[in-house]
Amino acid sequence: MPRTLLAALVALVVGGIAPHLASAGHWWMNGSGNVVHLNRGHFPALSFFNNATNGSATALEHARGEWSANFAVDVYNVSGPADITAWDGYWGATGWAGLATPVTNAAGAGTVHPDGHVDSMWVQVNMSYGVGSSYASQKAIGCQEIGHAIGGQLHDGGGCMGFGYFNFDPNVAAARSPTAHDFDHLQHLWGGLH
Amino acid sequence: MPRIALLPLLAVTALSAGGSSVLFGPPAEVAGSTTPVPVASHVTWQRMTSFREIARAAELVVEGTVVGNEEGPPITAKTAKAAAGFPDIPQRLITLSVESTYLGDAARTVRFLHSLPPGGTPLEEDPAYRLGSRELLFLRDEGPESVWVRTGIDGRFPVVNGEFQGLLPNGPADEVRAARGSLREKIKEARQ
């Protein structure tokens with residue numbers, strides 16, 4: 001390891017990055033007080049099946065690529081059953097434009113194992129709203145929901161994890177992408193699990 | 001930072017946390033049950049963040065008490081045109097006993113749909129409608145015959161201790177509270 005990199009690592013750890021990130025932690029919890037998460041070890045590769053057939057597949061692929069390119073965990077494409085499956089459809093005036101839903105094989109959608117782990121995650125984009133005609137909205141929604149599926153949480157940092165809560169314009173590029181805070185958060189999450 | 005460089009950083013960070021249990025707060029083992037338990041989905045909401053938006057989107061605005069909450073027609077995968085393998089999405093059919101009408105002509109009771117996520121666990125920010133609870137609702141005529149839908153999550157205001165509550169940050173709740181007492185006039189004004 002180059003000496004400069006080693007020095008940087010030591011400085012980060014000793015200098016207090018860990019407490020900083022710990023205080024920023026806000027996880028997706030189940031009713032038992034456990035973190036909801038895919039069960040793939042410390043530094044996993046997560047398979048992703050882009051099963052969107054109504055027009056948002058490109059935006060979802062771009063969102064997947066951004067998380068994967070900057071995250072310590074691969075989120076790689078497959079064409080069948082996967083850790084994360086993305087769907088789109090015309091679900092009507094539900095109120096939601098996107099969802100991330102935990103799935104256990106034993107009990108189906110909307111369930112987690114008691115220790116918080118899930119067997120897979122579903123990501124949905126509701127094309128009934130204005131998102132149907134807007135790549136920007138699809139990307140912001142896809143980014144947030146994939147972010148949730150891999151463990152990200154909402155925050156007011158200007159990125160996609162605050163879209164629809166703290167920022168509302170998908171035409172602002174930052175609203176369609178993760179932030180550095182998101183990657184820090186996820187690295188702590190995955191580093192701490194199992 | 002290249003991924004290969006992140007891995008040792010993560011490893012060192014994890015070790016510095018003494019096995020991570022304190023720093024990272026990993027899931028605790030739950031003794032006993034192994035039966036999966038319900039958990040709410042996470043959501044990106046379709047927002048209407050101003051009073052003007054919800055007032056213009058609504059066709060009926062009513063305040064009243066929830067007197068019915070029953071299984072409604074699901075949103076089928078076929079209707080949604082979702083890829084094969086996706087399940088129907090459940091909905092609840094809610095009946096409200098109307099006490100005040102601020103826009104439109106309401107019958108004594110109004111029925112509207114409450115969509116749930118796959119699996120049917122209500123979303124944390126849009127909880128189930130409890131019988132006896134009071135709600136202010138901005139509704140649209142987009143449901144099946146004689147059944148309304150809300151103008152999104154920003155069209156729902158639970159009434160708690162006589163005050164309208166918003167369900168999400170940065171919504172129109174403050175404006176709606178400010179319009180209390182002249183809501184009918186404010187809605188009319190916003191729609192012009």
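Reader: How many disulfides does a search of the whole structure find over all chains?

Author: Please note at the outset that this is a predicted model. As to the general idea, a disulfide is a covalent bond between the sulfur atoms of two cysteines. In the present case, the search over all chains finds one disulfide. The cysteines that it joins are A:Cys143 and A:Cys160, with 2.1 Å from S to S.

Reader: Which parts of chain A does the pair tie together?

Author: A:Cys143 belongs to helix α4 (residues 135–149) of chain A, while A:Cys160 sits in the loop between α4 and α5 (180–192), so the link ties together parts that are 17 residues apart in sequence. The angle about the S-S bond is -55°, and the link is left-handed.

Reader: How many helices and strands does chain A have?

Author: Chain A contains five helices and nine strands. Read from the N terminus on, its elements follow the order α-α-β-β-α-β-β-β-β-β-β-β-α-α.

Reader: How many of the residues of α5(A) are buried?

Author: Let us begin with the dimensions of the helix. α5(A) has 13 residues, and from its first C-alpha to its last it reaches 18 Å, close to the 18 Å expected at 1.5 Å a residue. Ten of the 13 residues are buried, so α5(A) is largely enclosed by the rest of the structure. Among the buried residues are A:Phe183, A:Leu186, A:Leu189 and A:Trp190, and also A:Asp182 and A:His185.

Reader: How many salt bridges does a search of the whole structure find over all chains?

Author: To read a salt bridge, one looks for a side-chain nitrogen of Lys or Arg within 4 Å of a carboxyl oxygen of Asp or Glu. The search over all chains finds eleven salt bridges. One of these pairs is B:Glu99 with B:Arg134, whose closest N and O atoms are 2.2 Å apart. This pair links distant parts of the chain, for B:Glu99 is in strand β4 (residues 91–103) of chain B and B:Arg134 is in strand β6, 35 residues apart. B:Glu99 has a relative accessible area of 43% and is therefore partly exposed. B:Arg134, with 30%, is partly exposed too.

Reader: Which residues are linked with B:Glu99 and B:Arg134 in a network of salt bridges?

Author: The network also includes B:Glu63 and B:Arg180.

Reader: Where in chain B do B:Arg156 and B:Asp126 lie?

Author: These two residues form a salt bridge, with the closest N and O atoms 2.8 Å apart. B:Arg156 lies in strand β8 (residues 156–160) and B:Asp126 in the loop between β5 and β6, so that distant parts of the chain, 30 residues apart, are linked. Both B:Arg156 and B:Asp126 are buried. A further salt bridge joins the side chains of B:Arg140 and B:Glu142 at 2.7 Å, N to O. Here B:Arg140 is partly exposed at 26%, and B:Glu142 is partly exposed at 45%.

Reader: Which residues does B:Leu183 touch, not counting residues up to four places away in sequence?

Author: First we locate the residue: B:Leu183 is in helix α5 (residues 183–191) of chain B. Its relative accessibility is 3%, and it therefore counts as buried. B:Leu183 touches B:Phe51, B:Tyr102, B:Leu136 and B:Phe164, with residues up to four places away in sequence left out.

Conventions: Residues numbered from 1 in each chain as written. Chains lettered and ligands numbered in written order. Predicted model: local features only at pLDDT ≥ 70, side-chain atom pairs only at ≥ 80, totals over all residues. Heavy atoms only, no water. Helix = DSSP H or I, 4+ residues; strand = E, 2+ residues; numbered from the N terminus. Disulfide = S-S within 2.5 Å. Expected span 1.5 Å × (residues − 1). Buried < 20%, exposed > 50% of the residue type's maximum accessible area, 1.4 Å probe, protein only. Contact = heavy atoms within 4.5 Å.
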